[in-house]
Each structure stands twice: as structure tokens, then as C-alpha cells.
Amino acid sequence: MIRPKLSLRRPLAILGAALIGFTGVVAVAAPASAHHTTINATVECDRLTGERVIEWTVQNSEANKDATLQKVTTTPDTPVNVAIEGAKEVPLEGYLLGKSKTVTAVQRVPGNTTTAKLEVHAEWWVEDVKTAEKTNDGSINIAADESCAPAPKCVDVDKAEYSHTFDGPKGTATVKLDGDLPLCGEGKQWFTLVSYFAPRPQFATPQYVYGTPDSDWIGGTKTEITLDVEIPDCHTQVDLIWGGKEGVIEELVEGGKRYGNEKLGSKGAPGNRSTGPQGWYNGGSKSCTTPASTFASNCDGSVAVSLSNDGKISKYAVEFEVKGENGFTKKVSVPAGKADTSVVVPAADAGKIEVLVDGKVVENGTYSWQRPEDCPLPAITTEADCKNFTLTATNPEGGLPVKATFTYDGKTETRTVAAGAAETVTFKAGKDKTAIVALPDMDLELEAIYTPEGNCGGGGAGGEEPGLPVTGAATGGIIAGALVLLAAGAVLFVMARRRRVRFTA
């Protein structure tokens, strides 16, 4: 007779299987005579298949006789086999059980089984003579509340859990599928990282998407993703959200849609299905606008101020305030991407101008009126005879009033010449050959030469021979001087800074 070598091990360990400890209560049939078998059982759960695995032990009561397990009956009716080392499993029925030996047999039953029974009819033989036979049974009760569901091979998309990292100031995030199981089938879960322009470093509206959101999915063998977005160089909000780009809100406006629990790290679903830091950030050190100002002086002393809000990060209207002297102030709102040229500071207030935003002077936002180089200059004309020397200052239209100081033969007259007007000063002809016309506002001095026509009595200007009459003014000198100054006045005045320009009357 073959006495198999028994092994208590069976290849039950399959990837993902986990066994729950011994459960159940064994009931053993009491032997009715000296010849009997003793039957016990333990039960485990195969998590891979979801089956109960019962290990039955059958012991021969006789120390000097082998027992043949002639008939085996199981409830539930599933095979019960003995694992023989180095060979295949063999049925328990027909097994030869040696003297005082114990055999272990394995039976697999459905996971919802609550009780199992093994009945064995054994016979004892001596030299081909049956000396005894006996039927014994054993049973085991299994707690109904101990589940034996099969371990999953994958995780459903709508039940998967994740973990994430998030760095808002850098615009980076990672998302990872938790556990060792992949998503089931063709399932994919999308996640998106998006950044915004924001009006303040705290949450405020409106907000506008900056750049291109980064979106990726987890599924199949891909269990971890990295997301990266560009951050504006100004106030911003960055959000890590559940879902793809179709869920991105292009503009966050007052009373409008919000991400709510779609942000990873939220308290509610689906955001709470990922563990990690809160997936949102508000910050930035400067405004998402590009306020700028330029200035243009006018010949009349006023200044035209151009205000602009046009640049890569200009997404919001800018409230400018233009201040001048004497309490002048004007506020202008310039929309994003626009400019405004409506502010003109009057001459009386243009000595010092400031452009402010939020109470602070913008870069290069301070200015004072400067005379434009192309402004028409005042013209000086003269008339001279033997008795008088007359000088006239004419100020063109469109300019500022000009102060003119006339000096001749020790006498000085000062006039203020309005724009578009002329002022004339007449001196009695004296011994001096020149007169000085000073324009202090322009830092100019002009020298006019007294040259009357004809002979004024042989003594020159103011001569002692009045018997020689003068019949008219020195018309040629006047016209020549006037034409020179009118035609080339700009040159004279530009070239005459702190110098005297001489012309003849």
C-alpha cells in the first residue's frame, strides 16, 4: 500500500490574495466504537477568488491497522482533495490512512457558505479481511457576518483615491493614484492646473485665465502626473481642479460660477478624494496693470498728459489722478489696453505735475512745463529819427505772455506783452548808439543799434546843430531790422542765450 507524504501547504497565494484568520466552530462526531475516524476542520478566505477554503483533518484511531476511506460525502457538494508532495492532488475518497495517522484534505466552498459537513466511511482490513468499518462525520459553522468577497484586481474610476502636491507660487502640482491597483478598464481621471490674473493678492473678482491651463489624466499604467502652468508677474490665483480643460472657468466674476469642492484638498467631494495641501493659492506682489504717463508741453504754457494702460499684464482699468499746482486735480479711468489723452493742465498749474495711481506717483510720473523748441519767438522792430528811438516787441499768437525790458541811454522801461499783441517803448534820442531789449523769461538779451537816416546836425544822435532838419524816420534801417528779426528771429533767440544779438535800427 502507498502511504502518501502529506503537505499542509497548497498554492493559494496569488497576487492580491489576502487570507483572513481561522473562523468557525468544529463539531466532531463522537466515535461509537473502538474503530473510528476523528474529523476536525478550520476555514480561511481566499481573497483572490472569494471562496472559503476548508481544511479537513481525518485521524485513524487504530495504532495497528490502516484505514481505507471508502466513501466521502461533503456538504456543500464540492471536491475534497489531499495534496501529495511531488504529485497532483488526489481525492480523499479511496485514500489509505496509515496506523494512527492524520490526513489533511482541502475543500473549496462558496464565500457565502455558513456551514459545511464532511462524512467519511472507513474500513479496516487485516490480510484482506475486513475487520471493522465505521462512518463518522464532522462539521464547521462559519460566522455569517465575516465577508469573503474577492479582492479587487483594479479600482473603479468613481471610487479611486488620490494624493497630491501643490506649489501655487511656482505653478506646479502632482497627482498620484493611491494603492497598488490601477483604474479599471479604459477609465481615466483628468486633473487640471490653471492660473489667473487677479485684482488683488487676496481672492477678488474679476479674474481672467492667464496663459494655457495644463491638463492630464491618470489611467491604465499611468498612475502619476505632473502639472505646470505659467504665473503672471502680478496678483494671481492658481487652482488645482478635478477634471479636464472643459471645466475651466475662463472668467471668475462677481456672483458667477466657482470651483468649490472641485479643487483638490477641499472638504467635500470630489476634491476630498485626494489627500494633500489645499489646491488653491492667492498672491502676487504687484497690480495686474501697466500704468504709464507721458507729457507734452504746449507753447501756451499748458501741458498735455497722456495716460496709458497697455501691456502684457494689463487686465484691469486704472484710476489715474493728475495733480498740478494751485489745487488742480483730475481723475481719469483708463480701461485695460487703452490710452487717454484728455487731460490738459493749464499754464497756471503746470509748474509741477504729478500722475498718481492708488495714491502713489507712477514711474516717471512727475513733470514741469518746458518751452517747446518749435514755439514762435517774439519779434523786435525799431524806428529811429533825430529826436526819438522807438522799439516794439511783438508776441505771436498761441504763446505765453512775455516780459520785455527796454534799456536805452540810462533809462529802462518794462512791458508785459500778451500773446498776439505788441508793446512799444519810445526813448528820446541820446548819445548812446545802442539799446538793450531783455526777455528774461527766455533768458535772452537783444542789442539794437541807433542808426537814424540822414544828418542830424553833424553831431550824431542828439546833435547840437538843430538847423539840419530830419524829414523822416530811418525807414531803411527799420525795415531791414524788422525783416531780419521776423525772418530769423528764432535763430537770434536761440543763439542769444545770455548773449547780446546786435541789429541796427
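1. Strand S28 (residues 379-384) and strand S29 are joined by six bridges and run antiparallel, where strands are DSSP runs of E with at least two residues, numbered from the N terminus, and two strands pair if DSSP finds at least two bridges between them. Together S28 and S29 make a hairpin, with three residues between them, and Thr381 has Thr392 in S29 as its bridge partner.

2. As to provenance, this is a predicted model, in which local features need pLDDT of at least 70 and side-chain atom pairs count only at pLDDT 80 or more, while totals for chains, interfaces and linings use all residues. Residues are numbered from 1 along each chain as its sequence is written, and side-chain values use heavy atoms, with hydrogens and water left out.

3. On its other pairing, S29 meets strand S32 (residues 422-428) in the antiparallel sense over seven bridges, with Leu391 opposite Val425 in S32. Five of the seven residues of S29 (residues 388-394) are buried, so this strand is largely enclosed by the rest of the structure; buried means under 20% relative accessible area with a 1.4 Å probe, protein chains only.

4. For the protein chain as a whole, the secondary structure comes to one helix (a DSSP run of H or I, at least four residues) and 35 strands, and 41% of the 505 residues count as buried. Among contacts (heavy atoms within 4.5 Å) with a separation of 6 or more, 64% are between residues 24 or more positions apart.

5. The largest nonpolar core has 26 residues, and those with the most contacts inside it include Ile54, Trp56, Val58 and Leu69; such a core is a set of buried Ala, Val, Leu, Ile, Met, Phe, Trp, Tyr and Cys residues joined through side-chain atoms within 4.5 Å. Among the elements that give two or more residues to this core are strand S4 (51-60), strand S5 (67-75) and strand S10 (115-126), and S10 gives the most, with five residues. Apart from this core lies another, of 22 residues, among them Val402, Tyr408, Val425 and Ala435.

6. Within the reach of Val58, leaving aside residues up to four places away in sequence, the residues touched include Ile39, Leu92, Val103, Leu118 and Val120, as well as Lys101 and Thr102.

7. A further point concerns an open sheet of three strands, with the order S21-S22-S25 and antiparallel pairing, whose edge strands, S21 (291-297) and S25 (338-345), each pair on one side only. S21 and strand S22 (residues 303-309) pair over seven bridges, and Phe295 stands opposite Val305 in S22.

Technical notes
Buried means under 20% relative accessible area, exposed over 50%, partly exposed in between (1.4 Å probe, protein chains only).
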